[in-house]
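Hi everyone, thanks for coming.

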Amino acid sequence: HNATKTEEYVAVSLEPLQALIVEDSKVNSRAIEIMLKELGHKGISASNGEAALEMFQKQTFDVVLLDIE
């Protein structure tokens with residue numbers, strides 16, 4: 001019995017998300033912003049936790065991407 005596996009991929013469409021990127025590396029932060037933009041989302045960067053808390057108090061974010069290293 002030879003069965004061929006067929007894979008199906010489902011495209012998921014999300015409303016544009018507002019992401020807070022907490023990353024101390026400017027290069028990494030910019031790369032994430034570009035990737036999010038290509039996917040139709042908006043990324044706003046904070047260079048540290050203190051800056052992120054200030055931004056979080058001023059506006060609403062759908063997701064927070066946090067560098068914890």
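**A core, a ring pair and a histidine**

Let's start with Phe61: with a relative accessibility of 10%, this residue is buried. Just keep in mind that we're looking at a predicted model.

So what does Phe61 pair with? Its partner is Phe56, and together they make a stacked aromatic pair. In general, you describe two aromatic rings by how far apart the centres are and by the angle of the planes. Here the centres are 6.3 Å apart, with 10 degrees between the planes. Planes under 30 degrees apart count as stacked, so that's why this pair gets the label. The count for the model is 1 aromatic pair. And Phe56? With a relative accessible area of 45%, Phe56 is partly exposed.

Phe61 also belongs to the largest nonpolar core, which has 7 residues. Where do they come from? β1 (18-22), β2 and α2 (49-58) each put in at least two of the core residues. Take Ala46: leaving out residues up to four places away in sequence, Ala46 touches Leu20, Ile21, Val22, Glu23, Ala51, Ala52 and Met55.

Now over to His41, which sits in the loop between α1 (26-38) and β2 (42-46). Is His41 buried or exposed? It's buried, at 14% relative accessible area, because anything under 20% counts as buried. A polar atom of the His41 side chain lies 2.8 Å from the backbone nitrogen of Leu17. Setting aside neighbours within four places in sequence, His41 contacts Leu14, Glu15, Pro16, Leu17 and Leu36.

Technical notes: Residues are numbered from 1 along each chain as its sequence is written. This is a predicted model: local features need pLDDT of at least 70, side-chain atom pairs count only at pLDDT 80 or more; totals for chains, interfaces and linings use all residues. Side-chain values use heavy atoms; hydrogens and water are left out. Rings of Phe, Tyr and Trp (its six-membered ring) pair if their centres lie within 6.5 Å; planes under 30 degrees apart count as stacked, over 60 as edge-to-face and the rest as tilted. Buried means under 20% relative accessible area, exposed over 50%, partly exposed in between (1.4 Å probe, protein chains only). Helices (H or I, at least four residues) and strands (E, at least two) are DSSP runs, numbered from the N terminus. A polar contact is a pair of N or O atoms within 3.5 Å; within protein, one must be able to donate a hydrogen and the other to accept it, and residues adjacent in sequence count only if both atoms are side-chain atoms. Contact means heavy atoms within 4.5 Å. A nonpolar core is a set of buried Ala, Val, Leu, Ile, Met, Phe, Trp, Tyr and Cys residues joined through side-chain atoms within 4.5 Å.
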